[in-house]
Amino acid sequence: MEEELELEELGEPEEVVSVRVVKPNLFLVCRRDMSLGQQLVQSSHVAIDFILQYPEIAKEWRTTSNHIAALSVKDEAALQKLVTKAIEQNIKHVIFKEPDANYSLTAIAFEPSEAAKKLCKKIMPTFWEGKLP
């Protein structure tokens, strides 16, 4: 959700400008080659791991936003490409490798940041069942 804030311009207190404030998302990315149930579980695992690994970031996100972007990519190779990009761009992230699936990479959580938003902006929502525009 977006909030509307009113700010007074300096020198002209009668004039008010509207500013949109977009709250940051915690980005959770999983694989579409898993069932929706598996995607939900893997996203939950990685979200908890992110909170435990980055408690201060998680606390700030929880108090200022608490918004989650649940996204999915085609397969493990696509997830690995995202990990590589996150490392190159110094984006904080956590990966989850499922022990019951031979420790394959199943999900990634990215910090709530502009860099993570840019990295994830073209990724489809997890439960997307429609066609791309």
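**Exercise 1. Determine which residues of helix α3 are buried, and describe how they are arranged around its axis.**

Step 1. In α3, the buried residues are L79, L82, V83 and A86, where buried means under 20% relative accessible area, exposed means over 50% and partly exposed lies in between, computed with a 1.4 Å probe on protein chains only. Helices (H or I, at least four residues) and strands (E, at least two) are DSSP runs, numbered from the N terminus. The model is a predicted one, in which local features need pLDDT of at least 70 and side-chain atom pairs count only at pLDDT 80 or more, whereas totals for chains, interfaces and linings use all residues. Residues are numbered from 1 along each chain as its sequence is written, and side-chain values use heavy atoms, with hydrogens and water left out.

Step 2. As a check on the length, the 13 residues of α3 (residues 76-88) should span 18 Å at 1.5 Å a residue, and the end C-alpha atoms are 19 Å apart, which agrees; the expected span is 1.5 Å times one less than the number of residues.

**Exercise 2. Work out which face of helix α1 is buried and what it packs against.**

Step 1. Helix α1 has 18 residues, and the distance from its first C-alpha to its last is 26 Å, close to the 26 Å expected at 1.5 Å a residue.

Step 2. The buried residues in α1 are Q39, Q42, S43, V46, A47 and F50. Seen down the axis of α1, these residues fall within an arc of 140 degrees, so they line one face of the helix.

Step 3. On the other side of α1, I48 and L52 are exposed.

Step 4. The partners against which the buried residues of α1 pack are β3 (25-31), α2, β4 (67-73), β5 (93-98) and β6 (104-110).

**Exercise 3. Describe how helices α1 and α2 meet.**

Step 1. Two packed helices are described by the angle between their axes and the distance between the axes.

Step 2. The axes of α1 (residues 36-53) and α2 (residues 55-64) come within 5 Å and cross at roughly 110 degrees. Axes are lines fitted to C-alpha atoms, for helices over the stretch in contact, and angles run from 0 to 180 degrees between N-to-C directions.

Step 3. The two helices are therefore roughly perpendicular to each other, since angles of 65 to 115 degrees count as roughly perpendicular, those under 35 as roughly parallel, those over 145 as roughly antiparallel and the rest as oblique.

Step 4. From α1, the residues F50, I51, L52 and Q53 meet P55, I57 and A58 of α2. By class, this contact has six nonpolar, one polar and no charged residues; Ala, Val, Leu, Ile, Met, Phe, Trp, Tyr, Cys and Pro count as nonpolar, Asp, Glu, Lys and Arg as charged, and the others, Gly among them, as polar.

Step 5. Y54 lies in the loop between α1 and α2. Not counting residues up to four places away in sequence, Y54 touches K92, H93 and V94.

**Exercise 4. Locate N66 and Y103, and give the phi value of each.**

Step 1. N66 is in the loop between α2 and β4, and its phi is near 65 degrees, a positive value in a residue other than glycine. At 36% relative accessibility, N66 counts as partly exposed.

Step 2. Y103 lies in the loop between β5 and β6, and has a positive phi of about 55 degrees although it is not a glycine. With a relative accessible area of 55%, Y103 is exposed.

Definitions and conventions
Contact = heavy atoms within 4.5 Å. Arc of directions from axis to C-beta.
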